[in-house]
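Hello,

Here is the structure I promised to pass on. Please load it first, then read the notes below it.

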Amino acid sequence: MGSAGDGLLFEAGWTGVDATKLLLALLPVWILGAFIGLLLPRPRWLETSTRFGAYWVSSPSGVLLRRFALAVHGFVIAREVWHHCTIPGTFHAIAAAVWGMLQGKGFDLRLPDVPPRVDALMTGTKELNVNSSVADSPVADVLGGTSSNVPKVTDWHVTEADLHFFQQRIEQEAVISGAGKWEHMTDISLDSLKYTAWRRRLPSGKTEYKSVTVAENATAEEFMDFYLDDPSRHTWDTMITDHSIVESGPGQERCQVVHWLRTFPFSFISQREYVIARRVWRQDGALYGIMKSVTHPRAPAVSGIVRMDVFYSMWRSRTIPDPTDPSRPACETVLLHHEQFKIPENLARFAVRHGMAGFVKKMAPAVKAFVIARRERVDAFAADPEAYGVSSQPVPLSRTPSLVSTTESETSDSSSGSGDIFKDPCQHGQQTSSEVKRRGRRVLPIVIPILAAGAAMLLTGRQPGTRG
């Protein structure tokens, strides 16, 4: 991916090298924008020969308005520079320190810890395999680098490090520096299903969702088969308009890479495509399903469709007594979900909140019908040899040395120096999309000043016929 300094400027704090780069980048662009603004002719309604133009140039209110316009543009520029050059929470820390000083408590500045980089979901960490160094793995970071506690990681798109990521956040309730508290969203009670959801804001400003679903008269095995069955899901999750298998791994662990096309019932979200790797674990009587976005040579980006390259959905399903009838089983599923729609986050939160009820209401009867059909073949607690992804023929991907070496060499640079213990599961395999995102984020602080400079200088540009 290149060095970490080539990503978002100042995400890990101020450095002299990045400050120099920023100033050198903004200064010539600002001069160019000012020059273009001065060359633009003043609008006719601002000419001094008109009543409004004379008033604009000479009156105190006109001068005040022009200064206000320049101040607004300056604020916009300063805000963008601050947003791209500081750690989230820095302004709040400075304001709190100043307020404490005014109260006579002294200037106690406590800057926030460096959170996961804002682009952490798009950057890579070193690919984990059996021979990887423990010190390079996110699991080692979480467990303090002790190899005896690090679970074995196999060479697949979804690893045990991803499983540990879920367990750390949900089962162990690890504290994430800079993340908000879980906010209750909704409770939905249906005839055969109960659903509760929460959300919280991550240090990057994006949103992570958590839900607990209790499906009556169902087992963990049945619910897992239901959730991974794409042909069945296509019948009740109407947002999925197309699905296909990209790669298949070991069937006993349900290892698959799938491609989805989804159409959302909102005009502000266009069609999205997903390339998802998924895998199932069984631990301590519970089933764990892990899905995350990956890049894959067999699934190139589709022109005109937005690729959802930041996505993970992880859940734990376990069989419990049915709350309404203890003689029957029920399945409790705890799910952790995050995806970036590439739209303003408030719109994304609106879409999730308002689409949640319809999704659950369609899922409830589908679970019931699926369970009835499955029990005609196998016992409720038994594994179904005909389940989707179990009996399919493996479609292995031969990873060429050039592909692996490029991935490892690029991701090792970006992972070096990153001491955060919460490595997001979407980090691996996002080279193409992350490079585009980083270029866009580097260009943004340059584009805004040039537009602001041109608009500001337009207000005081030269009059037609005058010499520049």
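**The largest pocket**

The lining residues of the largest pocket split into 22 nonpolar, nine polar and six charged. Keep in mind that this is a predicted model. The lining comes to 37 residues in total. Met239, Arg262, His337, Met356 and Phe359 are the ones nearest the pocket centre. The space inside is about 720 Å³.

Which elements give two or more residues to this lining? They are the strands β2 (193-201), β3 (207-216), β5 (256-262), β9 (311-321) and β10 (329-339), plus the helices α7 (220-228), α8 (230-236) and α9 (345-375). The most comes from α9, which gives 10 residues.

The β9 pairing is antiparallel and has 11 bridges. Within it, isoleucine 320 faces alanine 330 of β10, and arginine 316 faces valine 334. The β3 pairing is also antiparallel, with eight bridges. There, valine 212 has valine 334 as its bridge partner. Lysine 292 stands opposite tyrosine 312 of β9.

**Aromatic contacts**

Tyrosine 312 leads on to the rings. The model has 14 aromatic pairs. One of them joins phenylalanine 165 and tyrosine 312. The arrangement is edge-to-face, with 5.4 Å between centres and 80 degrees between planes. Why does this pair tie together parts that are 147 residues apart in sequence? Because phenylalanine 165 lies in helix α6 (residues 160-171), while tyrosine 312 lies in strand β9. Both phenylalanine 165 and tyrosine 312 are buried.

There is also an aromatic cluster. Its members are Phe223, Phe226, Tyr227, Trp236, Trp315, Phe359 and Phe370.

Two charged side chains sit over rings. Arginine 233 lies over the face of tyrosine 227, at 4.9 Å from the ring centre. The charged end of lysine 210 is placed over the ring of tryptophan 198, 5.1 Å from its centre.

**Helix α7**

Is α7 buried or exposed? Nine of its nine residues are buried, so the helix is largely enclosed by the rest of the structure. They are Ala220, Glu221, Glu222, Phe223, Met224, Asp225, Phe226, Tyr227 and Leu228. Phe223, Phe226 and Tyr227 also belong to the aromatic cluster.

Best wishes

Technical notes:
Residues numbered from 1 in each chain as written. Predicted model: local features only at pLDDT ≥ 70, side-chain atom pairs only at ≥ 80, totals over all residues. Heavy atoms only, no water. 1 Å grid on protein atoms, 1.4 Å probe; cavity = no way out; pocket = protein on both sides within 12 Å on 5 of 7 lines; lining within 4 Å. Points joined across faces, edges and corners; volume = space filled by probe spheres on them. Helix = DSSP H or I, 4+ residues; strand = E, 2+ residues; numbered from the N terminus. Nonpolar A, V, L, I, M, F, W, Y, C, P; charged D, E, K, R; others polar. Pairing = 2+ DSSP bridges. Phe/Tyr/Trp six-rings, centres within 6.5 Å; stacked < 30°, edge-to-face > 60°. Buried < 20%, exposed > 50% of the residue type's maximum accessible area, 1.4 Å probe, protein only. Lys NZ or Arg CZ within 6 Å of the ring centre and 35° of its normal.
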